[in-house]
Each structure stands twice: as structure tokens, then as C-alpha cells.
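Let's take a friendly walk through this model, starting with its open spaces and ending with its charged contacts.

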Amino acid sequence: MYHHVLCAYDGSPAAEAALDEAMNLAAAMNARLAIVSVVEKPPAGVVAAGVDPEALGRTIEHETGDRLRAAADRVPD
């Protein structure tokens, strides 16, 4: 029996399918579900393109947070 289920999530169709399976598994096992995502730092080369890497990093983190909140909203209590 599982007590915890971990689902990696990036908003892709495969991640959506994995989240559905993770929700089903967690519900069947009465387990806690955690949804995680990884945010990479922008490559140093973006400076040469005139992009502020810190601003880009904040934008990426914000978008990732939005995706994770939307995924979490799909999970029943």
C-alpha cells in the first residue's frame, strides 16, 4: 500500500496523463499526492541575445507556478 504518490508535472500531454494516473492511484490507496516541477535557470547565453536572465527566470517560475496551481486545482480533496 502506498502512503505517498509523487507526480512530476510540466503541463505536457504526457504529464496530464501521468497526473490522471497519479490521482487515481492516490485515491485508490488513500494516499497523499504531491505534484512537482523543475525549473531550470536560463542559460548564460541569453544575455548575448539582450535578455535579462533574472527577469526571464522570474517569468519561467511564475508560469510554472501557474501550471502547478492549475494541476493542483484538478485534484479532489
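How much space lies in the largest pocket? The answer is about 190 Å³. This is a predicted model, where local features need pLDDT of at least 70, side-chain atom pairs count only at pLDDT 80 or more, and totals for chains, interfaces and linings use all residues. Residues are numbered from 1 along each chain as its sequence is written, and side-chain values use heavy atoms, with hydrogens and water left out.

A pocket here is an open set of points on a 1 Å grid over the protein atoms alone, where a 1.4 Å probe fits, with protein on both sides within 12 Å along at least five of seven lines; lining residues have an atom within 4 Å of a point. Its volume is the space filled by probe spheres set on the points, which are joined across faces, edges and corners. Among the residues lining the largest pocket are Met23, Asn30, Val75 and Asp77. Helix H1 (residues 13–29) gives the most to this lining, three residues; helices are DSSP runs of H or I, at least four residues, numbered from the N terminus.

Now for the charges. A salt bridge puts a side-chain nitrogen of Lys or Arg within 4 Å of a carboxyl oxygen of Asp or Glu, and the count comes to three. Arg74 meets Glu16 at 2.2 Å, N to O. That pair links distant parts of the chain, with Arg74 in helix H2 (residues 53–74) and Glu16 in helix H1, 58 residues apart. Arg74 also meets Asp20, at 2.3 Å, N to O.

How values were computed: Helices (H or I, at least four residues) and strands (E, at least two) are DSSP runs, numbered from the N terminus.
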